[in-house]
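Trainee: Could we go through this structure together, slowly, with me asking as we go?
Mentor: Of course, ask whatever comes to mind.

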Amino acid sequence: MNARLLRRKVINAVMLALTGLCTAVTTSTLFVILGYLVWNGASAIDWDFFTKLPLSPGETGGGMANAIVGSFQILLLAAAVGIPVGVAAGIYLAEFNPNSVFSFLVRYTADLLNGVPSIVVGIFAWGVVVVPMKHFSALSGGLALALMLIPITVRTTEQFLKDVPVSMREGALALGASKWRAVATVVVPAARTGILTGLILGVARIAGETAPLLFTALNNQFWAKGWSAPIASLPVMIYTHAISPYEDWHRQAWAAGLVLLALVLLANIAARLILSRGANAQRS
Amino acid sequence: MSSTPESRVKTAIPAQILPQASDGVQTDLPAVKLKATGINFFYGAFQALFDVSIEFFENRITALIGPSGCGKSTFIRNLNRINETIRGARCEGEILLDGENILGIDVTQLRRRVGMVFQRPNPFPKSIFDNVAYGVKINGLARGKRALEETVEKSLRRAALWDEVKDQLHKSAYALSGGQQQRLCIARALAVDPQVLLLDEPCSALDPIATGKIEDLLFTLKDQCTIVIVTHNMQQAGRVSDYTGFFLLGRLIEFNKTGVIFRTPAQKETEDYITGRFG
Amino acid sequence: MSAPASIGVTERKPDGLFLQRLKGGDPIAHAITWLAAASVLLVTVWLVAQLWMQSTPAIHAFGFGFLWSSEWDPNAEKFGALPFIYGTLVTSALALAISVPLGVGAAIFLSELAQPGLSAVLTFLVELLAAVPSVIFGLLAIFTLVPLVRDVIGPALDKTSGVFPFFAGPSYGVGVLTAGLILAVMTFPFVISISREALLAVPREQREAALALGATKWEATWDAIIPFARLGILGSIFLSLARALGETMAVTMVIGNDPKITPSLLAPGYTIASVIANEFTEATSNLHLASLILLGLVLFLITIIINAGARLLILATTRQGSAT
């Protein structure tokens, strides 16, 4: 009896310690990633990185100014298309017809689209934009990313709208407001912090996407000539530089990796802060 | 017989709630199984119990009554130290099981000896058989498959559930009705042969027929263990218990034989509650 | 965007005109948002149709044989998906074999043991890990994991367990094992956060029921809490699997790009997503391109089926949690 109890206690202690170890291992990978990028990237980042164009292999120096601007251009396009469509669809699902078969289907396909491998989204954008236009373009890259942004936006918008208490809607409707007026003036503003957070997280997620850009936006060693020309982006630059055999390109890849990760993580932290501040404001 | 003074009680129970001495005859004094002295309990900064002292007698049913939020459930959850699993909870005072401080007993062994049945039926997502066998298995109380099966059958019989489930022991426990699930939980608690059985409003989620079955069950269990039942139902306390304690706002207001509490309560608050003036 | 602005005006001088106009706006708003919602549906259908149409040359040429032919030779116009399907499944299975035990263990720690403050901080770190772009995992893997596998892990496995075909042979650094390892790290966040939610949804009565019978903390977790949350945990595994199967960049950067089926995990391999990423812009013929798109369709179908399964499982747990 006592030996048995002792064995149970030992198993208990060992297993609980193991779960702690699992946590340490999994969460520490983030620090390993951060540490490595800072270690290798910080020394590679200089003023040139932000202001100069990439040089041909073999030459030292140069920067990724075109890729930084290119990434922002593509994201701008993706946001301009994806956010209005996603938010509007989210409003429809939460406010206008939440329980219809149509809404169920939309919700389900949004989840489905969210799970589609990003490389497949790239194939689709290639087929829809690149093939008819006959060349790779910033436009097709932006659309591919918009396609990834829409399902994220739809679901987060719907979720945060649903969290707005029914009493608020009823309050507005009871004053004689029309449905749309109630949604636009009461419900959406009440959920704006949550929706904004969702948008930031969504854009941060597509900012790091590489696969959909490989055969849409392609890449460009120079400044892009307009929206219908191939354009450079940070993720694709990191990819091409990392798999290249050149020492100096590797250095640039680390620098670009650090910049990209910093942007993505800062956006995530900002979203978290906005959300918690919003929650505090509501509580008080 | 109705109001025997119990000298051993005098030492622990505050004077104002002593049983009223009437005829002075001492007969069949039950032994004290579980004794709590000066219990103060805190959830963080909030104090939920104030200086509660009480004794539970062997092979007797003690009911704890009082309006909801009065601390009666909180109190019995200290008796098997299950409150320790709540963050920020703190218990002061002394609880003795057969004269031994429960803090000195290994907590898993304490909980094996002091069983508990909860407010809502909480069977595990396992078969009926595995639910009852669970405590027996982890505590290593049965040697071999036969012994385990016998224990399960015995426990289900003691919980008056055997006849209803004997042909479906390997069905999910969730297939049972609410009342059956609660009796299954009682069988599960009985399977490890506890010396004390704590029941935290076991009938609050059940209909009157299921409630009646569980009350009948308590009478038959009394011979084998000491029972403490928390209830907000005064009729239930009156029907099943030998002793009754009345809690109000975290204090034990009065403790006595059930007949005395219901017929001639000593405290104004008890009388008000019993006669339905509040609560 | 313009609607809320005009409402600002009505609030200041409620003359009823704007209100009237807004009332009239109801059907318009309904129609616009409906269109947006319908576009989600439309785009998804269009995506499937597009993949199907553009892969028809390959479907006509190879039929179902495409799935089990292991020859991939663009010069001879012979295309078979088997090496890629094999590589995709093996890397994902390896990833889950590592990330599921570690992730579920961490989820148990976060939901059952850690102080709430610590748990919140660690959970946020896990969320940040989920936000790290795939290409960055690839970058790190090339410069850390590849040398590590080539010089340390590979030779050690070959020496100690080389009798098993999985660990035999020379270690190049790039290969199935390296891809599996980086995929494991990438799937941690999914396993952890969804398993943690499933564990947190278990009613506390379940834990107390086990503890009240004399169970230790671990016994209560293992016997009462995990069985209760098992569907949600299974859902997290499925979701991670779908992620791992479709993952492109990190895998492409370290898998070695060799369309061969070899039992050794140390050898290079290829996955569906990587071959599309590598060969799409350099496809030599229409049939080559169509075959790559058909691979995309196969990947799409596999991930969809697994995702749908995951969502059903997660839905089932939340229902179960609220029903009892």
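Trainee: Is Lys33(B) buried or exposed?
Mentor: Lys33(B) counts as buried, because its relative accessibility is 5%, where buried means under 20% relative accessible area, exposed over 50%, and partly exposed in between, using a 1.4 Å probe and protein chains only. Before we go on, keep in mind that this is a predicted model, in which local features need pLDDT of at least 70 and side-chain atom pairs count only at pLDDT 80 or more, while totals for chains, interfaces and linings use all residues. Residues are numbered from 1 along each chain as its sequence is written, chains are lettered from A and ligands numbered from 1 in the order in which they are written, and side-chain values use heavy atoms, with hydrogens and water left out.

Trainee: Okay, so which residue forms a salt bridge with Lys33(B)?
Mentor: That is Asp98(B), with the closest N and O atoms 2.9 Å apart; a salt bridge here is a side-chain nitrogen of Lys or Arg within 4 Å of a carboxyl oxygen of Asp or Glu. Lys33(B) lies in strand S1 (residues 32-43) of chain B and Asp98(B) in the loop between strand S4 (89-97) and strand S5 (100-101), so the pair ties together parts that are 65 residues apart in sequence. Helices (H or I, at least four residues) and strands (E, at least two) are DSSP runs, numbered from the N terminus.

Trainee: And how accessible is Asp98(B) itself?
Mentor: Asp98(B) is partly exposed, with a relative accessible area of 42%. The side chain of Asp98(B) also meets that of Arg113(B) in a salt bridge, at 3.7 Å from N to O. Arg113(B) belongs to helix H3 (residues 107-113) of chain B, so this pair ties together parts that are 15 residues apart in sequence.

Trainee: What about Arg113(B), buried or exposed?
Mentor: Arg113(B) counts as buried, at 17% relative accessibility.

Trainee: Which side chain meets Glu84(B) in a salt bridge?
Mentor: The side chain of Arg81(B) does, at 2.6 Å from N to O. Glu84(B) is partly exposed, with a relative accessible area of 45%, whereas Arg81(B) counts as buried at 13%.

Trainee: Switching topic, how much area do chain C and chain A bury between them?
Mentor: They bury about 7,200 Å², with 80% of it on carbon and sulfur atoms, where buried area is the accessible area (1.4 Å probe) that two parts lose on being put together, summed over both. The contact, meaning heavy atoms within 4.5 Å, takes 83 residues from chain C and 80 residues from chain A.

Trainee: How many salt bridges does the rule find across that interface?
Mentor: Across the interface of chain C and chain A it finds two, and Glu219(C) forms a salt bridge with Arg8(A), the closest N and O atoms being 2.8 Å apart. On the side of chain C that touches chain A, helix H2 (residues 17-62) of chain C gives the largest share, 21 residues.

Trainee: One last thing, where does Gly245(B) sit?
Mentor: Gly245(B) has its place in strand S9 (residues 243-248) of chain B, and Gly245(B) counts as buried because its relative accessibility is 0%.
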